[in-house]
Amino acid sequence: MKTIYLAYLVIAMQLGDVVLTYLGIKAGAREVNPIMVWLQKILPGKWTWLFLAKAVMIPLIYWVASHYGESANAPLVGLVALYAWVLANNWRVLKKQKRK
């Protein structure tokens with residue numbers, strides 16, 4: 001698979017994570033990723049932590065794919081697997097919050 005397509009998939013999954021995290025928290029869920037919880041505590045603004053994290057990750061993913069080419073495939077596939085789980089979990093949590 002072309003590296004750039006994997007990068008685009010990971011970036012799309014990052015954006016999906018933003019949407020589902022935002023909707024989940026608005027519905028009453030809470031962030032459980034310790035790094036993101038820490039960012040929530042130290043950054044001003046209600047959503048700064050979420051958007052700043054993705055503002056760093058998205059260009060970084062693109063840069064890695066652009067500069068490392070095929071060597072980036074394995075880590076990108078790992079990120080696809082990780083974010084597939086994250087998105088599925090976020091969706092489950094969101095649905096659970098909406099039932100309350």
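Asp 17 and Lys 54 form a salt bridge whose closest N and O atoms are 2.8 Å apart (a side-chain nitrogen of Lys or Arg within 4 Å of a carboxyl oxygen of Asp or Glu). Asp 17 belongs to helix α1 and Lys 54 to helix α3, so the pair ties together parts 37 residues apart in sequence (helices are DSSP runs of H or I, at least four residues, numbered from the N terminus). Both Asp 17 and Lys 54 are buried (under 20% relative accessible area; exposed is over 50% and partly exposed in between, with a 1.4 Å probe and protein chains only). The structure holds one salt bridge.

The model is predicted: local features need pLDDT of at least 70 and side-chain atom pairs pLDDT 80 or more, whereas totals for chains, interfaces and linings use all residues. Residues are numbered from 1 along each chain as its sequence is written, and side-chain values use heavy atoms, with hydrogens and water left out.

The largest pocket has a volume of about 570 Å³ (on a 1 Å grid over the protein atoms alone, a pocket is an open set of points where a 1.4 Å probe fits, with protein on both sides within 12 Å along at least five of seven lines; lining residues have an atom within 4 Å of a point). Of its 25 lining residues, Asp 17, Glu 31, Asn 33, Val 86 and Asn 90 are the closest to the centre. Helix α4 gives the largest share of the lining, seven residues. The lining comprises 15 nonpolar, six polar and four charged residues.

Technical notes: Points joined across faces, edges and corners; volume = space filled by probe spheres on them. Helix = DSSP H or I, 4+ residues; strand = E, 2+ residues; numbered from the N terminus. Nonpolar A, V, L, I, M, F, W, Y, C, P; charged D, E, K, R; others polar.
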